[in-house]
Structures are given as C-alpha cells and as structure tokens.
Amino acid sequence: MKPSLKIIVIGLPILFSMDLILAAKPEAPVVHAEPALKDVFKKHFLIGMSADHPQQRRASLLRHHANAITPENGMKFYSLRPSPDVWNWEKADRTVDFATANDLKIVGHTLVWCYRMSPWVNERIASGELDKAAALALQDEHIRQVVGRYKDRVKTWDVVNEALADGPGPEFLRSDPWSDLCGVEYVVEAFQSARRADPEAKLLYNDYNLEFPDKRARLLRLLALLEERGVRVDGVGIQGHMQLSRLRLAELEAAIVEIHAAGYPVHLTELDIDVYSRGEGADVQRIETGGDAGYAELPEELQTQLAAGYGALFRLLVKHADKVERVTFWNVDDGSSWLNNWPVKGRENHPLLFDRAQQPKPAFWEVIRVAKEPIP
Ligand code: XIL
C-alpha cells in the first residue's frame, strides 16, 4: 500500500506542474520568410504599426516588418487616467517595454485628444468645477507626468490629436466640451508643456482628412498661429484612414506637398484602407457600403483592387520620400484592425497588408514590388 500511495502523492504535483508549463508555453514563433517592409523601405521612411503590447504571432509580425510602434490606446488620457486620482500605467509601460526590447522607435499617442478625455473630465466641465484655468493646469500636469515618465524612451509624440473642425463651415476647432472651454489655447499650451517636459522630443500635430482643402487650410492657419506664438512643431501627422472606393491619392499628394512646403515633415500616422465606404468630411460615420454584415472573406475582385490601391499609394509615398519620415499602419493585421469595430461594431474588415492568420496578402506583394521598382 505504502509505496503506491507515495507514487500518487509525488506523481500528482508533477503532472500538475507539467500542465502549467504546457499552458504557459508560448506559441512557436512564426518564421517570416517574406521580405521585411522596414528593410525594403530603409532608404525611404520608417515603417510603423500600432498596437498595445502585442503578443505571440502579432508580436513576431510586428518585429519582422516594423521599426516603429505607436501604442494604440494605452497612452490616451482615458486609459492613463480613468478617474481623477488613479493613474493606470500598466498598458503603456508594457508597450514601451516591448518596444525597447525590440529596438522599435516609439511614437507616443496622444497627449491631448479632447474628443477622448475621460468621462469625469467632461462631467467636471459640465458642472462648472473645471474652468479654463483649471483645465489648462490639468493638461499641463498630465503632459508633465506622461512625457516625464517616458522621456528616455519615447522621443516622438503626437502632442495634439484631431483638434480641427471638418467641412466647409466657419468653425476653426472641432467642437466638444474641452475645446469649447479652452479654445485654441489648449493646443498652444499642449505644445509648450511637451517642449518643457522634453526639449529634445519630436513634437507632432496629428489629424485626419487633411487631404481635404478646407481642413488643410485650418491646419496651415493653426501652424501659423503656433509659429507666431513661438511654438515649434516638428512635423504633421496625416492619419491616412483611406477608403478603397475613393483613395484620393491626388488629394493626399497635394497634402504632402503643401504641408512639407510650409516647413513641416510629414508622417503618415494611421494608414489603413477600408474595403467598405463610409461618409467623408464632416460625416465620416455614415455607412455607404457593406451594411452591417460585410465580407468574411474578401472577394477576389476587391483583393485585386486593394493590392492595386496599396501599390499606387506606396508609389506616391516613395516619390515623396524626401518629405515623408514615417509610414505607420493602424494595427498589425486584419484581425486586429479597429475597422472591425468602427463605424460598424463586429463587421469584419480587411484593410491591412496581412490577413487574420498574419499571412501576407496580395497587397503586401504589390507594395514589395513597388519598393523594387527603379526610382523614376
Ligand atoms: C482607435 C483605436 O484603434 C480603437 O481601439 C479605439 O477604440 C478608438 O481609437 N484616430 C486616432 C486613433 O487617432 O487613436 C484611433 O484609434 C483611430 C482614429
């Protein structure tokens, strides 16, 4: 009796711990035999992807193709500061650690995005508890803390995101509680605070729809105003959330050329090509194609169109490589794209170069082909 009991007692913990080891074992790393985007575009621009501390297969894909990363959500105000006295650094720290371990340039995103403050901020504005001076002081403190914490590792910041109004109207800034309260001062002071917190960091202004002349005119007005106030902006982020049915490449080219001519290097900060169409300009959320269902598999015809679209886009970016410092994809693969949940929740989208199994799509090979074309 005694010996067999001993075996059970010893045996169980061994089985148990083996099980734990198996459960914790990471998936086998994926070997990427395809050429790396960061290598083929080495002479042109940095290649980035956005993600919050990616895991396993997505981490391998990102490491193979990118030399820059933008934390997708973990550095946003609402994520870092869910309530007035709570700082939640975990997500951002993990992404910064991942980036540092893998030698990726980090683009901090974003110090101020008035449209996405925490609900408690908007409640305090509504109740009158937060007046303009207090709001600007809160912003300064926020920037000091965030830039200060990552000063040694994050040297590029999207300082202000999406401040400008859309459409042909007379409005200058996008209306929401924060910008209605603070006016353009919040943009000016955000850059001043970031500069004080890290005099050496590269400070960017980032927005969408800069391909539209109305919005671009507001951008140039904002940059001129900042310059008049002695505030240096080191570059402009064109988000680049494009639509396959209307790529607007000529408009994008005009934006790159004009912004650069005004003295600002361009970063394409959030590139993806939506295979469905939505409204444009001031009405981006209107659904035009795809309904709520979308395609689980991208039809052959759209796959080919996507490849041609990406090819044409990269041909344009290579042509203007002297003006474009970085091209960052918004997310890593189709499965992680935010467009699976916006503007329709739970609709499968296919906007990137890698599919849901992290495999290169025809669009990827088209982009590689462009990289190898002789420079015109
Ligand atoms: C998106 C994220 O990808 C989503 O996960 C989140 O729910 C909403 O924000 N413009 C920006 C990005 O500047 O921060 C947004 O990211 C996409 C649009």
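Q: Which backbone nitrogen lies 3.0 Å from a polar atom of the side chain of D52?
A: The model is a predicted one. The backbone nitrogen in question belongs to G74, at 3.0 Å from a polar atom of the D52 side chain. A further backbone nitrogen, that of E72, lies 3.2 Å from a polar atom of the side chain of D52.

Q: Where does D52 lie, and which residues does D52 touch beyond those up to four places away in sequence?
A: D52 is located in the loop that runs between β1 (46–50) and α3 (56–65). Once residues up to four places away are set aside, D52 touches P71, E72, N73, G74, K91 and T95. For E72, the separation from D52 is 20 residues along the chain, while the C-alpha atoms are 5.5 Å apart.

Q: Is D52 buried or exposed?
A: Relative accessible area decides the matter, and buried means under 20%. D52 has a value of 15%, so D52 is buried.

Q: How is T70 to be read, buried or exposed, and in which strand does T70 lie?
A: T70 belongs to strand β2, residues 68–70. With a relative accessibility of 2%, T70 counts as buried. Apart from neighbours within four places in sequence, T70 is in contact with M49, S50, A51, V107, H109, R326, T328 and W330.

Q: Which side chain forms a polar contact of 2.9 Å with that of N349?
A: The partner is D274, whose side chain is joined to that of N349 by this 2.9 Å polar contact. N349 itself is found in the loop between β9 (324–329) and α13 (362–372). Its relative accessibility is 0%, and N349 therefore counts as buried.

Q: What is the relative accessible area of D214, and where in the chain is D214 placed?
A: D214 is in helix α10, which comprises residues 213–228. The relative accessible area of D214 is 38%, and D214 is therefore partly exposed. Not counting residues up to four places away in sequence, D214 touches G167 and P168. Between D214 and G167 there are 6.4 Å from C-alpha to C-alpha, against 47 residues in sequence.

Q: How are two packed helices described?
A: The description consists of the angle between their axes and the distance between the axes. In this model, helix α12 (residues 300–319) and α13 pack at an angle of about 30°, and their axes are 8 Å apart. Angles under 35 degrees count as roughly parallel, and α12 and α13 are therefore roughly parallel to each other. Their crossing is right-handed.

Q: Which residues of α12 and α13 meet?
A: From α12, the residues are Q303, L306, A307, Y310, G311, F314 and R315; from α13, they are P362, A363, E366, V367, R369 and V370. The residues of this contact of α12 with α13 comprise eight nonpolar, two polar and three charged.

Q: How do the axes of α7 and α9 cross?
A: The axes of helix α7 (residues 132–150) and helix α9 (residues 185–197) cross at roughly 30° and come within 9 Å. α7 and α9 are therefore roughly parallel to each other, and the crossing of α7 and α9 is right-handed. The contact involves K132, L136, Q139, D140, I143, R144 and V147 of α7, together with E185, Y186, E189, A190, S193, A194, R196 and A197 of α9. In the contact of α7 with α9, seven residues are nonpolar, two polar and six charged.

Terms used:
Residues are numbered from 1 along each chain as its sequence is written. This is a predicted model: local features need pLDDT of at least 70, side-chain atom pairs count only at pLDDT 80 or more; totals for chains, interfaces and linings use all residues. Side-chain values use heavy atoms; hydrogens and water are left out. Helices (H or I, at least four residues) and strands (E, at least two) are DSSP runs, numbered from the N terminus. Buried means under 20% relative accessible area, exposed over 50%, partly exposed in between (1.4 Å probe, protein chains only). A polar contact is a pair of N or O atoms within 3.5 Å; within protein, one must be able to donate a hydrogen and the other to accept it, and residues adjacent in sequence count only if both atoms are side-chain atoms. Contact means heavy atoms within 4.5 Å. Axes are lines fitted to C-alpha atoms, for helices over the stretch in contact, and angles run from 0 to 180 degrees between N-to-C directions. Angles under 35 degrees count as roughly parallel, over 145 as roughly antiparallel, 65 to 115 as roughly perpendicular and the rest as oblique. A crossing is left-handed if the near helix is turned anticlockwise from the far one by less than a right angle, and right-handed if clockwise. Ala, Val, Leu, Ile, Met, Phe, Trp, Tyr, Cys and Pro count as nonpolar, Asp, Glu, Lys and Arg as charged, and the others, Gly among them, as polar.
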